[in-house]
Amino acid sequence: QVQLVESGGGLVQPGESLRLSCAASGSIDSIYAMAWNRQAPGKQREPIAVITSDGKTNYADSVKGRFTISRDKAKNTVYLQMNSLKPEDTAVYYCNAAARRMDYVAGSGSWGQGTQVTVSS
């Protein structure tokens, strides 16, 4: 089971950028999917970006065109570049590693502790 640690969160103003990192304890090359999820106060946790083992990516409509998920296999790290941040992006961001497709669909697998992102003027 992969252990994950998120970092890079913080306080930024609307329109600014942040890059989140998700460091894995082992190789991510064999992982089916690495995903970023977020949860805002009073809202359900939602998936916002995913990258599969073959390099394919997908995004939630709410972040499409602004966020980019990428991976660095050598560093066993997945990143989330967040541009043009909006107040509604404020949430705790979590990294998820799914060894298999069904793990991803079920929201199971490994989860990090989360990193807080606050977008406010």
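Pro41 is exposed, with a relative accessible area of 75% (exposed means over 50% relative accessible area, buried under 20% and partly exposed in between, with a 1.4 Å probe and protein chains only). The model is predicted, so that local features need pLDDT of at least 70 and side-chain atom pairs count only at pLDDT 80 or more, whereas totals for chains, interfaces and linings use all residues. Residues are numbered from 1 along each chain as its sequence is written, and side-chain values use heavy atoms, with hydrogens and water left out.

Pro41 belongs to the loop between strand 4 and strand 5; helices (H or I, at least four residues) and strands (E, at least two) are DSSP runs numbered from the N terminus. Between Pro41 and Ala91 the C-alpha to C-alpha distance is 7.1 Å, although 50 residues separate the two in sequence.

Two strands are taken to pair if DSSP finds at least two bridges between them. Strand 8 pairs with strand 3 (residues 18-24) in the antiparallel sense over 6 bridges, and in this pairing Met82 of strand 8 stands opposite Leu18. Strand 7 (residues 67-72) also runs antiparallel to strand 8, to which 6 bridges join it. Here Leu80 of strand 8 has Ile69 opposite. Strands 7 and 8 form a hairpin with 4 residues between them. Asn76, in the loop between strand 7 and strand 8, has a phi near 50 degrees, a positive value in a residue other than glycine.

A positive phi of about 50 degrees also occurs at Ser84, which is not a glycine. Ser84 is placed in the loop between strand 8 and strand 9. With a relative accessible area of 41%, Ser84 is partly exposed.

Within strand 8 lies Thr77, which counts as buried because its relative accessible area is 8%. A polar atom of the Thr77 side chain lies 2.8 Å from the backbone oxygen of Lys75; a polar contact is a pair of N or O atoms within 3.5 Å, and within protein one atom must be able to donate a hydrogen and the other to accept it, while residues adjacent in sequence count only if both atoms are side-chain atoms. Leaving aside residues up to four places away in sequence, Thr77 touches Ser21, Cys22, Ala23, Ile28, Ser70, Arg71 and Asp72, where contact means heavy atoms within 4.5 Å.

The largest nonpolar core has 30 residues; such a core is a set of buried Ala, Val, Leu, Ile, Met, Phe, Trp, Tyr and Cys residues joined through side-chain atoms within 4.5 Å. The residues with the most contacts inside it are Met34, Trp36, Ile48, Leu80, Met82 and Tyr93. Two or more residues of this core come from each of strand 3, strand 4 (33-39), strand 5 (46-52), strand 7, strand 8, strand 9 (91-98) and strand 11. In soluble globular proteins, nonpolar side chains tend to be buried together.

Arg38, located in strand 4, is buried at a relative accessible area of 6%. Its side chain makes a polar contact of 2.8 Å with the side chain of Asp89. Residues touched by Arg38, not counting those up to four places away in sequence, include Glu46, Ile48, Phe67, Asp89, Ala91 and Tyr93.

Thr115 is part of strand 11 (residues 115-119) and counts as buried at 10% relative accessibility. The side chain of Thr115 reaches the backbone nitrogen of Gly9 at 3.1 Å. Among the contacts of Thr115, not counting residues up to four places away in sequence, are Glu6, Gly9, Leu20, Ala91 and Tyr93. Thr115 and Arg66 are 49 residues apart in sequence, with a C-alpha to C-alpha separation of 19 Å.

Arginine side chains are placed over aromatic rings at Tyr79, where Arg19 lies over the face at 4.3 Å from the ring centre, and at Trp111, where Arg45 lies over the face at 4.9 Å from the ring centre. A charge sits over a ring if NZ of Lys or CZ of Arg is within 6 Å of the ring centre and within 35 degrees of the ring normal. A search of the whole structure finds 0 aromatic pairs; rings of Phe, Tyr and Trp (its six-membered ring) pair if their centres lie within 6.5 Å, with planes under 30 degrees apart counted as stacked, over 60 as edge-to-face and the rest as tilted.
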